[in-house]
Amino acid sequence: MTSAHAPSRLAIVLFLSLFAFGCGEQPDLVVYCALDQEFAEPLIRRFAAETGLDVRPEFDVEASKTVG
């Protein structure tokens, strides 16, 4: 193997590894929500049921909220 082929082989390996990691189980939609989970979760579930999308909610943690 010559050193001239090393960059192209490295690029192919990187591309294939990114492609493999990109094909994992991922949601169709991620919702970042500042509303309290107890109120938002039923709405998000209803939206997911009506649209057929796989929705993953990400709720704020109380410790990270500020009073303003």
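This report walks through a predicted model of one protein chain, from its overall layout down to a few residues.

## Ground rules and confidence

Residue numbers start from 1 along each chain as its sequence is written. In this predicted model, local features need pLDDT of at least 70, side-chain atom pairs count only at pLDDT 80 or more, totals for chains, interfaces and linings use all residues, and side-chain values use heavy atoms, with hydrogens and water left out.

Confidence here is pLDDT (the predictor's confidence in each residue, from 0 to 100). The chain averages 76, and 57% of its residues get to 70 or more.

## The overall layout

The chain has two helices and two strands, and from the N terminus on they run α-β-α-β. Helices (H or I, at least four residues) and strands (E, at least two) are DSSP runs, numbered from the N terminus.

Of the 68 residues in the chain, 9% are buried. Buried means under 20% relative accessible area, exposed over 50%, and partly exposed in between (1.4 Å probe, protein chains only). The accessible surface is about 5,900 Å², with 62% of that belonging to carbon and sulfur atoms; areas come from the Shrake-Rupley method with a 1.4 Å probe, and for residues only the protein chains shown count as cover. As for contacts (heavy atoms within 4.5 Å), take those between residues at least 6 apart in sequence: 65% of them join residues at least 24 apart.

## The nonpolar core

Cys33, Ala40, Ile44, Ala48, Val55 and Phe59 form the largest nonpolar core, six residues in total. Helix H2 (37-51) and strand E2 (55-59) each bring at least two residues to this core, and H2 gives the most, with three. A nonpolar core is a set of buried Ala, Val, Leu, Ile, Met, Phe, Trp, Tyr and Cys residues joined through side-chain atoms within 4.5 Å.

Val55 is worth a look. Setting aside neighbours within four places in sequence, Val55 is in contact with Leu29, Val31, Ile44, Phe47 and Ala48.

H2 runs for 15 residues and spans 20 Å from its first C-alpha to its last, close to the 21 Å expected at 1.5 Å a residue. That expected span is 1.5 Å times one less than the number of residues. The buried residues of H2 are Ala40, Ile44 and Ala48. They lie on the same side of H2 because they cover an arc of only 75 degrees around the axis, the arc being that of the directions from the helix axis to the C-beta atoms.

Cover for the buried residues of H2 includes strand E1 (29-33) and E2. After H2 comes Gly52, with a positive phi near 80 degrees.

Ala48, in helix H2, is buried with a relative accessible area of 18%. Beyond neighbours within four places in sequence, Ala48 is in contact with Leu53 and Val55. Its C-alpha is separated by 9.9 Å from that of Asp28, 20 residues apart along the chain.

Ala34 sits in the loop between E1 and H2 and is exposed, with a relative accessible area of 54%. Ala34 and Asp60 are 26 residues apart in sequence and 5.4 Å apart in space, C-alpha to C-alpha.
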